[in-house]
Amino acid sequence: MSSGMGKVVCVTGASGYIASWLVKLLLHRGYTVRATVRDTADPKRTLHLQALDGAKDRLHLFKASLLEEGSFDAAVAGCDCVFHTASPFYHNVKDPKAELLDPAVNGTLNVLRSCKKASIKRVIITSSMAAVAYNGKPRTPDVVVDETWFSSAEVCEKNEDHLLHNPNFSFGWVNVKDVALAHILAYEVPSANGRYCMVERVAHHSEIVKIIHEMYPNFPVPDKCADDAPFVPIYQVSKDKIRSLGMELIPLETSLKETIESLREKGFVTSESSHL
């Protein structure tokens with residue numbers, strides 16, 4: 001594919017999981033990619049990117065930090081589009097405001113100021129369904145979450161411990177390749193605008209276990225939930241808007257199969273009797 005031939009784009013936080021797939025697909029489509037990482041000398045952040053097809057000729061690494069004003073100026077200057085994926089996200093958080101919110105908000109503003117200086121025409125920003133679904137409205141099997149929803153700060157603060165640590169949970173699941181492709185289409189499709197929810201299916205952990213057990217009967221999976229509370233209900237997420245980009249999302253079963261096969265290939269799972 002050559003839709004990106006001659007075009008230069010920037011991917012912030014390029015060493016991350018979604019961003020790495022985005023860089024891979026951009027290079028495959030012929031784009032020249034400017035990839036920002038916190039430390040260009042750290043092999044953990046760069047080697048997997050430099051090993052990608054096309055990286056030798058069309059991948060350029062830039063050092064940039066979310067909270068360092070102007071540090072993205074050089075990377076975005078002259079780009080046709082900026083994909084802003086850089087944002088800390090992890091679960092063992094002691095101070096959510098300092099560790100997650102401030103870098104996310106102030107880092108995004110920092111990147112956008114650099115984009116404004118460079119007169120970038122289109123910026124694609126990666127977020128999470130966590131920014132959408134937690135607003136106090138009921139989420140039950142007949143409820144459809146869509147792009148008009150926004151999470152409420154008050155609800156998130158009140159339920160912070162539950163959101164971060166509850167093992168009895170229902171999640172929205174999506175294949176990382178679809179997420180990366182959607183970023184690119186959000187740039188390439190002229191009519192693309194606003195927010196796009198991406199969830200192939202909302203499933204409780206118990207359903208994930210059931211699917212894995214059906215595909216791999218001898219694979220070690222839990223046989224009961226971590227608590228005795230009623231299962232957190234599932235809900236729906238609208239696919240109408242993401243389909244407007246021409247996308248049909250990869251089924252959850254396929255994603256799980258690919259995940260397990262990848263774990264095997266890389267040696268994290270050596271046999272069906274091994275533990276993850």
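At 23% relative accessibility, Trp173 counts as partly exposed (buried means under 20% relative accessible area, exposed over 50%, and partly exposed in between, with a 1.4 Å probe and protein chains only). Trp173 forms an aromatic pair with Phe171, and Phe171 is likewise described as partly exposed, at 31% relative accessibility. The model is a predicted one, in which local features need pLDDT of at least 70 and side-chain atom pairs count only at pLDDT 80 or more, whereas totals for chains, interfaces and linings use all residues. Residues are numbered from 1 along each chain as its sequence is written, and side-chain values use heavy atoms, with hydrogens and water left out.

**Aromatic pairs**

- A pair of aromatic rings is described by the distance of the centres and the angle of the planes.
- Rings of Phe, Tyr and Trp (its six-membered ring) pair if their centres lie within 6.5 Å; planes under 30 degrees apart count as stacked, over 60 as edge-to-face and the rest as tilted.
- The structure holds five aromatic pairs.
- Phe83 and Tyr187 form one of them, an edge-to-face pair with 6.5 Å from centre to centre and 85° between the planes.
- Because Phe83 lies in strand E4 (residues 81–84) and Tyr187 in helix H8, this pair ties together parts that are 104 residues apart in sequence. Helices (H or I, at least four residues) and strands (E, at least two) are DSSP runs, numbered from the N terminus.
- Phe83 is buried, with a relative accessible area of 0%, and Tyr187 is buried, with a relative accessible area of 14%.
- The pair of Phe171 and Trp173 is also edge-to-face, with 6.1 Å from centre to centre and 85° between the planes.
- Tyr31, Phe83 and Tyr187 form one aromatic cluster.

**Crossing of H1 and H8**

- The axes of helix H1 (residues 17–28) and helix H8 (residues 176–188) come within 9 Å and cross at roughly 60°. Axes are lines fitted to C-alpha atoms, for helices over the stretch in contact, and angles run from 0 to 180 degrees between N-to-C directions.
- H1 and H8 are therefore oblique to each other (angles under 35 degrees count as roughly parallel, over 145 as roughly antiparallel, 65 to 115 as roughly perpendicular and the rest as oblique).
- The crossing of these two helices is right-handed. A crossing is left-handed if the near helix is turned anticlockwise from the far one by less than a right angle, and right-handed if clockwise.
- On the H1 side, the contact is made by Tyr17, Ile18, Trp21, Leu22, Leu25 and Leu26, and on the H8 side by Val176, Lys177, Val179, Ala180, Leu181, His183 and Ile184. Contact means heavy atoms within 4.5 Å.
- The residues of this contact comprise 11 nonpolar, one polar and one charged. Ala, Val, Leu, Ile, Met, Phe, Trp, Tyr, Cys and Pro count as nonpolar, Asp, Glu, Lys and Arg as charged, and the others, Gly among them, as polar.

**Crossing of H9 and H11**

- The axes of helix H9 (residues 205–215) and helix H11 (residues 252–265) come within 10 Å and cross at roughly 65°, which makes H9 roughly perpendicular to H11.
- H9 passes H11 in a right-handed crossing.
- From H9, Ile208, Ile211, Ile212 and Met215 meet Leu252, Glu253, Leu256, Lys257 and Ile260 of H11.
- This contact divides into seven nonpolar, no polar and two charged residues.

**Surroundings of Arg201**

- Arg201 is placed in strand E8 (residues 201–204) and is partly exposed, with a relative accessible area of 23%.
- Not counting residues up to four places away in sequence, Arg201 touches Phe171, Gly172, Trp173, Glu207, Ile211, Leu252 and Glu253.
- Arg201 and Ile250 are 49 residues apart in sequence and 10.0 Å apart in space, C-alpha to C-alpha.

**Buried strand residues**

- Thr36 lies in strand E2 (residues 32–37) and is buried, with a relative accessible area of 2%.
- Leaving aside neighbours within four places in sequence, Thr36 is in contact with Cys10, Val11, Thr12, Gly13, Ala14, Phe62, Ala64, Phe72 and Ala75.
- His84 lies in strand E4 and is buried, with a relative accessible area of 2%.
- With neighbours within four places in sequence left aside, the contacts of His84 are Thr12, Leu66, Gly107, Thr108, Val111, Ile124, Ile125 and Thr126.

**Backbone at Ser119**

- Ser119 is found in the loop between helix H5 (96–117) and strand E5 (123–125).
- Phi of Ser119 is near 55°, a positive value in a residue other than glycine.
- Ser119 counts as exposed, at 54% relative accessibility.
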